Amino acid sequence: VNVYDEAGNVGSGVLNWKIVIPPPIISAVASSAVTDTSAKITWAPNEPADSLVEYGTTIAYGSSQAAAAGPALVTAHSLALAGLASSTTYHYRVKSKNAAGVLATSEDNTFKTANSVFCTGKNGVLNVAAPGTVINTYTTLSASIAAGAVSIIVGNSAGFSTGDILYLFQMQGASSGIYERAAISSIVGNTINLTKGLASAFIAPGTQVIHMPQYTDVNIPSRASLTAPAWNGATGGIVLLCANGTVDLKGTINVTGLGGRGGAPNGICAGRCPFPGGIPGEGFLPLSPGGGSGWCAGNGGGGANGSPADLLKETLGPGGGGGHCRSYGGNGGGKIDIFAKKLIMTGLVAANGLAGMNGTWSIGGAYAAGGGAGGSILAVVKEIIGNTFQALGGAGGYDGFNRSYGGKGSAGVVKVQVAP
């Protein structure tokens with residue numbers, strides 16, 4: 001560089017300077033799609049830049065997530081965080097470097113994961129308008145799976161979507177009563193991929209898969225009701241209801257008689273002993289045997305719901321045993337699971353068994369059928385007002401010939417659990 005004074009004398013020297021490139025300006029930092037185990041972080045710098053999220057349960061963070069693929073430098077950023085703990089507050093901040101390698105870091109932000117017991121509310125408010133409303137979708141497991149499986153094959157995936165919750169219920173076999181909740185990550189045909197591996201193994205045939213909607217609030221007025229299709233040996237008999245707000249129950253949630261099927265009678269309406277007995281009621285061994293059949297001088301037995309205190313083992317109520325001639329055993333009660341932050345009950349939640357039929361008179365006797373057992377009810381809530389649950393066993397039928405009764409179905413199981 002040449003420098004001149006007033007007299008025109010010239011001098012020379014070296015001038016150094018530095019160009020300062022500013023960092024990106026980060027804006028619109030937000031968390032969304034927060035579930036019990038995952039969240040999405042989005043932000044928008046003012047120029048193309050790369051993507052990084054640091055996160056953890058303190059401002060020390062400790063974990064990070066970068067973009068796995070796609071353009072290295074973008075202006076619309078979205079990163080998914082997975083494997084999070086439920087009901088936990090997470091701190092996070094985002095980082096972006098521009099083409100010159102200049103880094104910008106956002107301020108600290110937080111989000112809280114959902115309680116794993118409840119749901120996201122993605123299906124909004126449910127206002128039940130009619131009696132007999134069915135909210136769940138039912139299908140079967142097509143192939144047995146081992147513990148740790150991250151995908152399942154079902155009979156029909158219609159009604160299931162990415163981000164939804166499903167339940168697997170093993171209805172039959174040595175582990176009947178086992179069930180497990182899972183979230184859907186994607187669906188290809190009838191293959192449903194899950195967000196994490198299952199804790200238990202499930203057999204096919206013998207397991208049904210049920211879709212559970214995720215509501216914010218649920219209103220069931222006095223003349224409305226929720227129910228399920230009757231158990232048909234493969235699917236049905238279960239209502240699953242989840243709300244991340246309030247369930248206001250003035251009507252009913254009713255699965256009475258929708259569980260294990262009562263045994264058929266022997267169909268013999270003439271002759272005298274000995275003759276074969278009726279058909280035993282449908283049970284769900286080893287937990288809940290069906291009622292024994294009635295024959296000659298004996299009436300049908302009641303179903304026995306033997307569900308233990310373990311919340312991971314519950315069954316439908318088994319059916320009562322069949323009697324003589326045309327005396328059918330009573331069906332067992334179904335199963336109801338309710339998950340809600342607040343449950344207001346002025347209505348009824350019922351999973352009762354049905355009564356066995358009275359004895360049908362014939363020259364050989366009038367042996368009655370057994371009653372179905374009560375089913376299973378589980379309510380997981382933060383707050384509950386009211387307590388109108390029923391899981392009663394059905395009465396045994398009357399044997400007018402011997403002036404006796406068939407076996408009464410056992411009471412079912414009602415569990416109310418306070419969520420953290």
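Leaving aside its neighbours within four places in sequence, with which residues is Y61 in contact?

1. Basis of the note. This is a predicted model, in which local features need pLDDT of at least 70 and side-chain atom pairs count only at pLDDT 80 or more, while totals for chains, interfaces and linings use all residues. Residues are numbered from 1 along each chain as its sequence is written, and side-chain values use heavy atoms, with hydrogens and water left out.

2. Surroundings of Y61. The residues that Y61 contacts (heavy atoms within 4.5 Å) are E54, Y55, G56, H91, Y92, R93 and D108, neighbours within four places in sequence being left aside. Y61 sits in the loop between β5 (52-56) and β6 (63-66); strands, like helices, are DSSP runs numbered from the N terminus, a strand being E of at least two residues and a helix H or I of at least four. Between Y61 and H91 the C-alpha to C-alpha distance is 6.7 Å, although the two are 30 residues apart in sequence.

3. Is Y61 buried or exposed? Its relative accessible area is 11%, so Y61 is buried; buried means under 20%, exposed over 50% and partly exposed in between, with a 1.4 Å probe and protein chains only. The side chain of Y61 makes a polar contact of 2.7 Å with that of D108. Such a contact is a pair of N or O atoms within 3.5 Å; within protein, one must be able to donate a hydrogen and the other to accept it, and residues adjacent in sequence count only if both atoms are side-chain atoms.

4. Overall composition. The chain has 28 strands and zero helices. Of its 420 residues, 45% are buried. Among contacts between residues at least 6 apart in sequence, 71% join residues at least 24 apart. The chain exposes about 18,300 Å², of which carbon and sulfur atoms supply 56%; accessible areas come from the Shrake-Rupley method with a 1.4 Å probe, and for residues only the protein chains shown count as cover.

5. Nonpolar cores. A nonpolar core is a set of buried Ala, Val, Leu, Ile, Met, Phe, Trp, Tyr and Cys residues joined through side-chain atoms within 4.5 Å. The largest one has 48 residues, and L241, I253 and V349 have the most contacts inside it. Two or more residues of this core come from each of β14 (165-170), β17 (207-212), β18 (218-220), β20 (238-249), β22 (335-345) and β24. The largest contribution, eight residues, is that of β20. A second, separate core of 16 residues includes L166, A182, I184 and L194.

6. With residues up to four places away in sequence not counted, V349 touches L249, I253, I336, I338, I377, T388, F389 and Q390. F118 lies in the loop between β10 (109-112) and β11 (126-127) and counts as buried because its relative accessibility is 4%. Beyond four places in sequence, its contacts include R181, C242, F339, V380 and A419.

7. Salt bridges. The structure holds six salt bridges, each a side-chain nitrogen of Lys or Arg within 4 Å of a carboxyl oxygen of Asp or Glu. One joins the side chains of D164 and K122 at 2.8 Å, N to O. D164 lies in the loop between β13 (151-153) and β14 and K122 in the loop between β10 and β11, so this pair ties together parts that are 42 residues apart in sequence. D164 is buried at 5% relative accessibility, whereas K122 is partly exposed at 43%. R261 and E282 form another, with their closest N and O atoms 2.9 Å apart. R261 and E282 both lie in the loop between β21 and β22, so the pair ties together parts that are 21 residues apart in sequence. A network of salt bridges with shared partners joins E54, R93 and K95.

8. A buried serine. S327 is found in the loop between β21 (252-254) and β22 and, at 0% relative accessibility, counts as buried. A polar atom of the S327 side chain lies 2.7 Å from the backbone oxygen of N358.
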